[in-house]
Amino acid sequence: MQDFRGAHFAAQKTGGTMSFDRREFLKATAAGLAAAGGGALTGCTATKHAAHVVVIGGGFGGATAARYLRLGSAGGIDVTLIERQPGFVSFPMSNLVIGGAKKLEDISRGYDGLRAHGVRVIHGNAVAIDPVGRGVRLADGSALGYDRLVVAPGIDFMWETVPGLTAEAAGPVLHAWQAGAQTTALRKQIEAMADGGVFAICIPRTPYRCLAAPYERACLVAHYCKTHKPRAKVLILDANDDVQAQRGLFMSAWSELYPNLVEYRPNHPISSVDVASKTVRFEFGDAVKADVLNVVPSQRAGAIARQAGLVTAGNRWCGIDWRTMESLAHPGIHVVGSATLAAPMMPKSAHMSNQHAKIAAAAIVAPLLGRVPSPEPITIAHAGYSYFDDRNAAHMMSVHAYDAKLAAYRLVPESSGVSARRGEAEGKHAWAWAQNLWADTLA
Amino acid sequence: MKMRWSGLAFTVGALTLSAGALAAPPTAAMLVNACAGCHGVNGGSAGPSMPSLANQSKEAIVVAMKKFKSGERPSTVMGKLAKGYSDADYAAMGELLSKQKLHATTQTLDAAKVAKGKSLEEANCSRCHMEGGKEGKEDSPVMASQWLPYLSIQMNQYLDGTRKMPEKMAEKVKPMSKTDLDALMHFYASVK
């Protein structure tokens, strides 16, 4: 008994080319589908084909998974990565672009590194998954079969939590919580703001992706305003009751570096947003009218995860088996990155997504190498850095070890903490960390 | 909408995760992969303030991790991180890293300083940092091709007393001028 994937790999391999030709591939897939539907296809036996893993999403989680699947199997697994965007833009360091210290090119990378490892990169939009028949359908109608699927869709926004805002009708009210066009657009708005203008950032209740990033963004916008628009105001409107990460470090930066510029207001959950007048209303307290209004809505797992029934927790996140990152809802599908239901004290961050991907890749590759995944998956190290101006940064560090009783990762408390103080040395480490993390994800 | 795939037949056995065979402990490679986000691909750092670990001596790595853990050696992140791993982990990671290929860096260095450093290293440092820094005696670190900014941070920590210098190394380093030590760092960074 054969399947259409067999047909396409056979076709591709006899074609004698390693490079992936999308047209060929789609033709082969269509032919394969027809053949499979029509009955037997002769010529190749199932066991001769390399296993095929499809990865949905080319962010930190998905790209790292694709890379480690190829490396870990010494090229023995065929890997296809589906990514909507033409290139990779890093969310870490994107606040430096918003603050004007870096350009979008500085934080953008391509997928050629993955291609060089033999990953087929398809720029398309995965719109449906069939977990039983093991296939993925793309928006353009094409289809891919898989032996294992890695779903790394990142986050989507819960627009219903910000009445008045929708993805389509946000107008000038940006989130810039996914790096790319919105990063540049927000930078332009800040540049165009008059001296004396108000920049307001609204932070959702936890959990959201990158806990420290809203506070870092406020610092970097304030750093820009300090020299270019000294009469401006940076308002932080936080739905939470306190600063959610690196609290002491941010508090001291605001009072020492930006005393008359930054104002922090906790307990400000949004009740509505008026796009036309750039006004936000809150469940309590006064409405705020801003010149640049930056609203970060609450978040949940990316659309494809919900569509495929992978969301198991609170209508938001995907539950997984931490030993393998395999979905609790559907066997054969691994979910990595911010879309997962986090283990206790586990942040949703770039470095964490990168580490999730290695757990998944190791588990997927193991049976190929005649191994069973370890009952104790590896201890993972995680870091994040925040800038307080264009040069001074501080880290948050944590180590997470698997706990069999908990059946999840738990924080190793002695290994976790933040810098005592911001500093230039750590500003250099922060940029070095980004270079290495990008390389480990894409090189 | 019903999709039709026929992947099932193909899938049999190929990538099943069910238990049955012997479970293996995590490999050294998996342990070291967890460091790559900061120390780079194959132990070669892409950021000049973070050290490359490829081709570092196993002993130097084990000693460094122990000193980070105890707090004897100053650090930003490594003191915390080292507490999450055991001595056995250090040994496994050190073993693997020591076998990785030296990461030859391309950095802007001052040729005059490199030459000056070269003239000083044999008499002062080569007893422990051997072969132009390509090898280390006992726990003396390999320094060849290491990033200059990283090396300079370390030398400054020795000089200001925050990192404790081995006595025999101090005998050589203490009498030297800052200019000479800077030249030595340029030299080691240049060795490929």
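## Surface and fold of chain B

Chain B exposes about 9,600 Å², and carbon and sulfur atoms supply 57% of that area; accessible areas come from the Shrake-Rupley method with a 1.4 Å probe, and for residues only the protein chains shown count as cover. Of the 192 residues in chain B, 47% are buried, where buried means under 20% relative accessible area, exposed over 50% and partly exposed in between, with a 1.4 Å probe and protein chains only.

This is a predicted model, in which local features need pLDDT of at least 70 and side-chain atom pairs count only at pLDDT 80 or more, while totals for chains, interfaces and linings use all residues, and side-chain values use heavy atoms, with hydrogens and water left out. Residues are numbered from 1 along each chain as its sequence is written, and chains are lettered from A and ligands numbered from 1 in the order in which they are written.

The secondary structure of chain B comes to 10 helices and two strands, running from the N terminus as α-α-α-α-α-α-α-β-β-α-α-α; helices (H or I, at least four residues) and strands (E, at least two) are DSSP runs, numbered from the N terminus. Among the contacts in chain B with a separation of 6 or more, 67% are between residues 24 or more positions apart, a contact being heavy atoms within 4.5 Å.

## B:Leu81

B:Leu81 is found in helix α5 of chain B, residues 78-82, and counts as buried because its relative accessibility is 13%. Leaving aside neighbours within four places in sequence, B:Leu81 is in contact with A:Ala381, A:Met397, A:Val399, A:Ser415 and B:Met65. The C-alpha atoms of B:Leu81 and B:Lys69, which are 12 residues apart along the chain, are separated by 7.9 Å.

## Cavities

The structure holds three cavities of 30 Å³ or more. On a 1 Å grid over the protein atoms alone, a cavity is a set of points where a 1.4 Å probe fits but cannot get out, and lining residues have an atom within 4 Å of a point; grid points are joined across faces, edges and corners, and a volume is the space filled by probe spheres set on the points.

About 80 Å³ of space lies in the largest cavity, whose lining includes B:Ser52, B:Leu102, B:His103 and B:Met143. Domain 1 (27-103) and domain 2 (104-192) of chain B both give residues to this lining, so the largest cavity lies between them; the domain bounds come from an automatic or database domain assignment.

Technical notes
1 Å grid on protein atoms, 1.4 Å probe; cavity = no way out; pocket = protein on both sides within 12 Å on 5 of 7 lines; lining within 4 Å.
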